[in-house]
Amino acid sequence: MIRIAAVGDVHLDEEMRGHYRSHLDGVAEHADVLLLAGDLTKHGTLEEGKAVADEFRGLGLPVVAVLGNHDYHCDAQDAIAEIMRAAGVTVLEGDGVTLDCPGGRLGIAGTKGFGGGFAGKCASEFGEPEIKEFVRHGRDVAGRFAAALRDLDADLRVGLTHYAPVKDTLTGEPPEIYPFLGSYLLAEAVDGAKAGLAVHGHAHAGVECGLTPGGVRVRNVALPVLRRPYAVYRLEAVPDPVTV
């Protein structure tokens, strides 16, 4: 059994230093890894990035993160990622990491992801160059994510994104903004790699639980959805994992 703690959309700033950290005491007793599903800062400033690094350093378990759209707002995302890495946090974007856990080898592939919408109601690569670039970027991001998931040598694969891979977990959000909350291409990547779990944030008014078309469990771990400091999911690690 592998225990995965996860949370996203904590939106920290300098004034919140230490407040969220107080809720993380003992997380290493309940989980083998902590996943952070993006939007870790409010506005993506370097000072906010330093606050995030301080909040999640030295927890006694591996911490693996992706950034979110808020973390990109000030164009300091690369510097924020480096600050977090210096604090011992693994920050992923189109790549993966494998961890040796007591219950087996856990492989995590991560990306911020992007919008575009969901099957039947999604943007297409047609028309103005701006629209085509929007769709093309989403495809490129999902393609790198899919390759990273497939390349993981692990007993259990997990996909970590900020944007949602399915619309199930968006229930409660206005349908008009679904194309800006996620993309079905992320779910195709998860299904294609036979992942055991997909974790995302971004949808504050959504719900926690959903499924990909292939039956992979999806969990929206945005803090406003969880209404608890983090969730813990327990999964069996088996060779060539298949979801139930």
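Let me start with a definition: two strands are said to pair if DSSP finds at least two bridges between them, and the strands themselves (E, at least two residues), like the helices (H or I, at least four residues), are DSSP runs numbered from the N terminus. With that in hand, we can say that β1 and β2 run parallel and are joined by 4 bridges.

Before going further, please keep in mind that this is a predicted model, in which local features need pLDDT of at least 70 and side-chain atom pairs count only at pLDDT 80 or more, while totals for chains, interfaces and linings use all residues. Residues are numbered from 1 along each chain as its sequence is written, and side-chain values use heavy atoms, with hydrogens and water left out.

Let us stay with the sheet. In what order do the strands of the open sheet lie? There are 5 of them, in the order β4-β3-β2-β1-β13, and the pairing is mixed. At the edges sit β4 and β13 (231-235), each of which pairs on one side only. From one strand to the next the twist averages 25 degrees, where axes are lines fitted to C-alpha atoms, for helices over the stretch in contact, and angles run from 0 to 180 degrees between N-to-C directions.

Strand β1 pairs with β13 in the antiparallel sense, over 5 bridges. Why is β1 described as largely enclosed by the rest of the structure? The reason is that 5 of its 6 residues are buried, and buried means under 20% relative accessible area, with exposed being over 50% and partly exposed in between (1.4 Å probe, protein chains only).

Moving across the sheet, β2 and β3 pair in the parallel sense over 4 bridges, and the bridge partner of A37 in β3 is V66. A37 itself lies in strand β2 and is buried, with a relative accessible area of 0%. Leaving aside neighbours within four places in sequence, A37 is in contact (heavy atoms within 4.5 Å) with residues including V7, D9, V66, L160 and H200. The C-alpha atoms of A37 and A222 are separated by 7.5 Å, although these residues are 185 apart along the chain.

D9 lies in the loop between β1 (2-7) and α1 (27-30), and has a positive phi of about 55 degrees although it is not a glycine. Is D9 buried or exposed? At 3% relative accessibility, D9 counts as buried. H202, in the loop between β10 (197-200) and β11 (209-211), has a positive phi of about 80 degrees and is not a glycine either; H202 is buried, with a relative accessible area of 12%.

Now to the helices. In helix α2 (residues 46-56), the buried residues are E48, G49, A51, V52, A53, E55 and F56, and they pack against β2 (33-37), β3 (63-66), α3 (77-86) and β4 (89-91). Helix α3, for its part, lies across β3 and β4 and runs at about 145 degrees to β4.

My last topic is the aromatic rings. Rings of Phe, Tyr and Trp (its six-membered ring) pair if their centres lie within 6.5 Å, and planes under 30 degrees apart count as stacked, over 60 as edge-to-face and the rest as tilted. The structure holds 4 such aromatic pairs. One of them joins F114 and F134, a tilted pair with 5.0 Å centre to centre and 55 degrees between the planes. F114 lies in the loop between β6 (104-111) and β7 (117-118) and F134 in helix α4 (residues 129-151), so the pair ties together parts that are 20 residues apart in sequence. F114 counts as buried at 18% relative accessibility, whereas F134 is partly exposed, at 23%. F114 also forms a tilted pair with Y163, with the ring centres 6.1 Å apart and the planes at 50 degrees. To close the picture, ring pairs link F114, F134, Y163 and F180 into a cluster.
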